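I set down what I looked up, entry by entry.

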Amino acid sequence: MNTNTQQNLMEKIVALCKRRGFIFPGSEIYGGLGGTWDYGPLGVLLKKNLKDIWWKEMVQLRSDIVGVDAAIMMNPKAWEASGHVEAFTDPLVECKICHSRLRADKQDEIKDHELSHNGKKVEWTEPQQFNLLVKAYLGVIEGKQSEIFLRGEITNGVHVNFRNVIDSTRVRIPFGIAQVGKAFRNEITPGNFTFRSREFEQMEVQFYIKPEEKEGEKWFEYWKQNRMDFYLSLGINKDNLRFRDHAPDERAHYAKAATDIEYNAPFGWSEFMGIHHRGDWDLSRHQKYSGQDMSFRDPFTSESYIPWDIETSAGVDRSVLFLLIDAYFETEDGRVVMKLSPKIAPFKAAVFPLLANKPELVEKARGIYESLKVKMMVAWDDRGNIGKRYASQDEAGTPFCITVDFDTLKDESVTVRDRDSATQERIKISDLDNYLLTKIF
Ligand code: ATP
């Protein structure tokens, strides 16, 4: 695709998202708020399906990962411990090669950093007086005493609960803690639709292992492949996915190794999740700053140690955006078909009475709609002709359309039309549940 076509594709996706209720600009009637987005009736279902599948794979189907849901507002000391307060205050500039952020007034550090790029020409963003952590005030008095931060990443809420989790469950190293939730960043340049937002959601597992090099390598490789397989299982074209290892000079201060999974977006290959070998950085820092013991004691060997952490951190919004882009398909006559995997499609099926003014058809179709609704999200449509209804469901990504016609009243069968092949099958109403469930989940 050339640049114009790619630009065009983004515009079409943004327009489709608004027109069909996937994603709207945040607080639009007041002129919006930069870097915020609201998910509409279709978008909320798509996003929820993604998070539910993720949670099912990470927590429900595994015996070595448990979940938490930590508070967005944390004691500010947690952000001192994690290094965010120190790193994100004062006049900051950002290195355009590795995205390290440094104080603009520390010329020595700037020079050292430039040298670390081995002769590459280093460009910097303009200095900004900003804090990547979003500040809020808690309590009735505004000021330093009541200043807190909305979390800049969800990781901290997991690490501060490490002790609580090992004390309250039967987990043993290696084990993981999963969390899904909102994060907030004062991004200097939000953009590319939801790609860089100021409020977004993350899905993460912090996977704690023995602090041994071999274990680190083994689990790092395991999680890389596991996450790639996850996105392939959601139907993303494998040619549009790749790993990108971080060069040593590009890694965050805590990272022993880091790899991104990138998507071939219309605006270039872009990160939507990372796998990070964080070593014992987080637990050691929280131990130091809180004074609490963050070590794990092996009940069999009595060994005691601060575990290492292999983190998988994915952006929910970026994943949703790339699922939408990947699913976008135009027919020769210019219609849009969102070829979303049935697993994540907002509606799994739509039910139509062939004619809206024939009560016997409407009643029969309503019955099917009501009974399917208990098991899955089902849409109802009785407007216009069947062709228009198919086109509308194709745009919404609904994989199956079910039509009740006059034959249904005689043979208790319906026509099921497949979104991607546009083929139609006659299915007995009594077999419908089974037919759909095996194709969808
Ligand atoms: P970037 O380099 O693009 O700013 P990052 O490396 O800072 O991203 P992480 O801190 O590793 O991102 O966060 C993990 C994941 O959270 C990212 O892979 C991404 O999917 C998501 N994420 C981070 N920042 C944003 C943002 N501003 N908007 C939407 N998603 C984000």
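**Entry 1. The ligand shell by class**

I began with the ligand and sorted its shell by residue class: four residues are nonpolar, six are polar and seven are charged. I note at the outset that the model is predicted.

I then asked which residues come nearest to the ligand. Of the 17 residues around the ligand, these are Ser197, Phe200, Ser313, Gly315 and Arg318.

Next I looked up which elements supply the shell. At least two residues each come from strand E10 (199-209), strand E13 (268-279), strand E16 (308-315) and helix H10 (316-327). E13 gives the largest share, with four residues.

**Entry 2. The protein as a whole**

I turned to the overall description. I counted 14 helices and 23 strands in the protein. Along the principal axes, the C-alpha atoms fill a box of roughly 80 × 55 × 50 Å.

Of the 441 residues in the protein, 33% are buried. I also looked up the contacts with a separation of 6 or more, and 63% of these are between residues 24 or more positions apart.

**Entry 3. H10 against H2**

The axes of H2 and H10 come within 10 Å of each other and cross at roughly 115°. The crossing of H2 and H10 is right-handed.

On the H2 side, the contact is made by Leu46, Lys47, Leu50 and Lys51, and on the H10 side by Val316, Ser319 and Val320. I classed these residues as four nonpolar, one polar and two charged.

I set beside this a general point on helix geometry: an α-helix has 3.6 residues a turn, so residues three or four places apart point the same way.

**Entry 4. Helix H9 and its cover**

Which residues of helix H9 (residues 281-290) are buried? I found Trp281, Asp282, Leu283 and His286.

I looked up Asp64, whose place is in the loop between H2 and strand E3 (65-67). Is Asp64 buried or exposed? I counted 11 C-beta neighbours inside 10 Å; exposed residues have 12 or fewer, so Asp64 counts as exposed.

Leaving aside neighbours within four places in sequence, Asp64 is in contact with Pro174, Phe175 and Gly176. Asp64 and Arg172 are 108 residues apart in sequence, yet their C-alpha atoms are 8.0 Å apart in space.

A cis peptide bond joins Ile173 and Pro174, with omega about 0°. Pro174 is in the loop between H7 and strand E9 (175-184).

**Entry 5. Positive phi at His99 and Phe193**

I next looked up two residues other than glycine with positive phi. The phi of His99 is near 65°, and that of Phe193 is near 60°.

His99 lies in the loop between strand E4 (91-94) and strand E5 (101-103). His99 has 10 other C-beta atoms within 10 Å and is therefore exposed.

Phe193 is in the loop between E9 and E10. Phe193 has 23 C-beta neighbours inside 10 Å and so counts as buried.

**Entry 6. Glu412**

My last entry concerns Glu412, found in the loop between helix H13 (406-411) and strand E22 (413-418). Glu412 has 12 C-beta neighbours inside 10 Å and therefore counts as exposed.

Not counting residues up to four places away in sequence, Glu412 touches Lys428 and Ile429. I also looked up Ile427, which is 15 residues from Glu412 in sequence and 8.6 Å from Glu412 in space, C-alpha to C-alpha.

Conventions: Residues are numbered from 1 along each chain as its sequence is written. This is a predicted model: local features need pLDDT of at least 70, side-chain atom pairs count only at pLDDT 80 or more; totals for chains, interfaces and linings use all residues. A residue is near a molecule or strand if its C-beta atom, placed from the backbone, lies within 6 Å of it. Ala, Val, Leu, Ile, Met, Phe, Trp, Tyr, Cys and Pro count as nonpolar, Asp, Glu, Lys and Arg as charged, and the others, Gly among them, as polar. A residue is buried if 20 or more other C-beta atoms lie within 10 Å of its own, exposed if 12 or fewer, and partly exposed in between; C-beta atoms are placed from the backbone. Two residues are in contact if their C-beta atoms, placed from the backbone, lie within 7 Å. Axes are lines fitted to C-alpha atoms, for helices over the stretch in contact, and angles run from 0 to 180 degrees between N-to-C directions. A crossing is left-handed if the near helix is turned anticlockwise from the far one by less than a right angle, and right-handed if clockwise.
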